[in-house]
Amino acid sequence: MAEHPRQLQDPAHQPRSHQVVKAATAATAGGSLLVLSGLILAGTVIALTLATPLFVIFSPVLVPAVITVSLIIMGFLASGGFGVAAVTVLSWIYRYVTGRHPPGADQLDHARMKLASKAREMKDRAEQFGQQHVTGSQGS
């Protein structure tokens, strides 16, 4: 790919007029943004100065209102989250019951088989213990 010779030039070797135009553009843009920043800061200070007495006067109403609104929003978010979780779990159970093999079904089957084998083992131990206890009490 052939690039334009102007793109390959070093910035120090550009014509003086291009450097002056770039500097003027940068100074204009930077200066206008600096002025805009100062105006916004002044407006913010003025608005805060005017609003502070209103905040102090209405704080007995505003603080409980903000707390109430926050609690309501958190309640709706928690309710929605639990609803999504419930729908996800019900969907997983439906897929598992219908045999569609959802993610994690292998682990569940493995845990179920392990629990069943432990339950059989404990049942056998209990039967052996019961037989030993019965035969031991008959001998006395």
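Figure 1. The classes rest on relative accessible area: buried means under 20%, exposed over 50%, partly exposed in between (1.4 Å probe, protein chains only). The protein has one aromatic pair. The ring centres of Trp92 and Tyr96 lie 5.3 Å apart and their planes meet at 5°, so the pair is stacked. Rings of Phe, Tyr and Trp (its six-membered ring) pair if their centres lie within 6.5 Å; planes under 30 degrees apart count as stacked, over 60 as edge-to-face and the rest as tilted. Trp92 and Tyr96 are four residues apart in helix α2, which means a separation of about one helical turn.

**Figure 2. A nonpolar surface patch.** Leu54, Phe55, Ile57, Phe58 and Leu62 form the patch. Together they have about 500 Å² of accessible area. Like charges are joined within 9 Å, nonpolar side chains (Val, Leu, Ile, Met, Phe, Trp, Tyr) within 5 Å. Areas come from the Shrake-Rupley method with a 1.4 Å probe; for residues, only the protein chains shown count as cover. Leu62 sits in helix α2, residues 16-97. Leu62 counts as partly exposed because its relative accessibility is 37%.

**Figure 3. His101 in the loop between α2 and α3.** Helix α3 spans 105-138, and His101 lies in the loop between α2 and α3. Phi of His101 is near 60°. That is a positive value in a residue other than glycine.

**Figure 4. The whole chain and its confidence.** The protein has three helices and zero strands, in the order α-α-α. Helices (H or I, at least four residues) and strands (E, at least two) are DSSP runs, numbered from the N terminus. Of the 140 residues, 2% count as buried. Mean pLDDT (the predictor's confidence in each residue, from 0 to 100) is 88, and 88% of the residues score at least 70. Confidence is highest in α2, at a mean of 94, and lowest in helix α1 (residues 5-8), at 52. Where pLDDT is low, the predicted coordinates should not be read in detail.

**Notes.** Residues are numbered from 1 along each chain as its sequence is written, and side-chain values use heavy atoms, without hydrogens and water. Local features need pLDDT of at least 70 and side-chain atom pairs count only at pLDDT 80 or more, while totals for chains, interfaces and linings use all residues.

Terms used
Patches are made of residues with over 30% relative accessible area and no salt bridge: like charges are joined within 9 Å, nonpolar side chains (Val, Leu, Ile, Met, Phe, Trp, Tyr) within 5 Å. A salt bridge is a side-chain nitrogen of Lys or Arg within 4 Å of a carboxyl oxygen of Asp or Glu.
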